[in-house]
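What can be read from the model shown below? The paragraphs that follow go through it part by part.

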Protein chains: 2
Amino acid sequence: MNRRLFTFVGGDAGNWRVVSTNTVIGDPLPEVQKLQIVAGSDFPTEPPGWLLRGITSNERYVIREEKNQLLDKQQGLGRPEASFAALIPIRKTASWWALTQDERRTILEEHSQHIKIGLHYLPAIARRLHHCRDLSENEPFDFITWFEFAPAHEAEFNQLVDKLRTSEEWKYVDREIDFRLVLDGC
Amino acid sequence: MNRRLFTFVGGDAGNWRVVSTNTVIGDPLPEVQKLQIVAGSDFPTEPPGWLLRGITSNERYVIREEKNQLLDKQQGLGRPEASFAALIPIRKTASWWALTQDERRTILEEHSQHIKIGLHYLPAIARRLHHCRDLSENEPFDFITWFEFAPAHEAEFNQLVDKLRTSEEWKYVDREIDFRLVLDGC
């Protein structure tokens, strides 16, 4: 089976070491030392810190031309040089979710250039987007994005998130935490 | 809390009586006599037949103009005269889910008039759409739609589903079951 569901377990185990935790907006999560990423949702023991689940899904906004550019430029997770990572769970407001598809697309891309900004930082920044909102009625976040990059590209990654956070789309973000991580042994 | 998650329990209990079960395409489900609809996912006992879960979510295709027409014309579930119902779970192919947003929208509306056809049968036919695909990796269907209408509008409801089933969009449906139900005591 092609796994779609991933569990991010914050605690004292895992091969990613948490080097900073920045609560950008909304409620924080308990500080943890390590992160473990598990395929599926069957995490065997009680998490010592927190546990976030997300599922990869069909794209909601990209049009064919953008998709082809993404496919052409993007690289996968797990590159040996990509020893830096960021885990950024976000939640959007009820007013965002009440918008229609065309209104959300206009804000996300025509006004905020979310897709174009992401494209600009490919292939340096690899990412996997996980959807949470429709896993249950009570998810703490709507999306979890996992990013991987080489240490040399950290400044570019910071530019990327800065651009998004000042965009019109981000006015609809009411919870966001930015965890930065380093691969164990790096 | 505004409930979004619903469980449809097919068995020998519930206030909707199953009067027909038509497997349109794909694998059937066991035949059952009754249907119970439960808010949330905590169904206390082992279901005697089957159990399908779905979650209401943001709209994926309608644009503002269509949304305004829908809001203007549609009526809610639970109308006293609406003693007939249909439960139609469907699954779409992997090729559907691999399309981009603009490609899916083109097929769904510009080629298949899914939204326009639905609008035509308002307010007679009330509906609630539930998403299943992102509840887990292993859901048996992608969507569950629940329809309610008065007995006098049954022929129109049949027209509606016939139109959709002959549309280009339905070429991407690889599992569909059409349950028809009558409210107990009617």
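In chain B, the loop between helix H4 (114-120) and strand S6 (126-131) holds B:Pro123. The model is a predicted one. The peptide bond that leads from B:Leu122 into B:Pro123 is cis, its omega being near 0°. Chain A can be read in a like manner. A:Pro123 is placed in the loop between helix H4 (114-120) and strand S6 (126-131) of chain A, and the bond from A:Leu122 to A:Pro123 is cis, with omega near 0°.

In chain A, the loop between H3 and H4 contains A:Gln113. Its phi is near 55°, a positive value in a residue other than glycine. Is A:Gln113 buried, exposed or partly exposed? A residue is buried if 20 or more other C-beta atoms lie within 10 Å of its own, and exposed if 12 or fewer do. A:Gln113 has 17 C-beta neighbours inside 10 Å, so A:Gln113 counts as partly exposed.

In chain B, B:Gln113 lies in the loop between helix H3 (101-111) and H4. B:Gln113 is not a glycine, yet its phi is positive, at about 55°. There are 17 other C-beta atoms within 10 Å of B:Gln113, which means that B:Gln113 is partly exposed.

The next topic is the strands of chain A. Strand S1 (residues 5-11) of chain A pairs with strand S4 (residues 50-55) of chain A in the antiparallel sense, over 6 bridges. Within this pairing, A:Phe8 has A:Leu52 of S4(A) as its bridge partner. S1(A) is also joined by 6 bridges to strand S3 (residues 34-39) of chain A, and these two strands run antiparallel. Here A:Gly10 stands opposite A:Leu35 in S3(A).

How far apart are the C-alpha atoms of A:Gln159 and A:Glu59? They are separated by 24 Å, and the two residues are 100 residues apart along the chain.

What remains is how the chains are arranged. Two copies of a chain are related by a rotation about an axis and a shift along it. In this model, chain A is superposed on chain B by a rotation of 180° with 0.0 Å of shift along its axis, at an RMSD of 0.0 Å. That is the relation of a two-fold axis. In chain A, the C-alpha nearest the axis belongs to A:Leu135 and is 2.1 Å from it.

The contact between the chains takes 24 residues from chain A and 24 residues from chain B. On the side of chain A that touches chain B, helix H1 (64-73) and helix H3 (101-111) of chain A each supply at least two residues. H3(A) gives the most to this side, with 3 residues. Sorted by class, this side of chain A has 8 nonpolar, 6 polar and 10 charged residues. Why can the copies be said to meet through the same surface? Of the interface residues of chain A, 100% are also interface residues in chain B, so the copies meet through the same surface.

Key
Residues are numbered from 1 along each chain as its sequence is written. Chains are lettered from A and ligands numbered from 1 in the order in which they are written. This is a predicted model: local features need pLDDT of at least 70, side-chain atom pairs count only at pLDDT 80 or more; totals for chains, interfaces and linings use all residues. Two residues are in contact if their C-beta atoms, placed from the backbone, lie within 7 Å. Helices (H or I, at least four residues) and strands (E, at least two) are DSSP runs, numbered from the N terminus. Ala, Val, Leu, Ile, Met, Phe, Trp, Tyr, Cys and Pro count as nonpolar, Asp, Glu, Lys and Arg as charged, and the others, Gly among them, as polar. Two strands pair if DSSP finds at least two bridges between them. Copies are superposed by least squares on the C-alpha atoms of residues with pLDDT of at least 70 in both.
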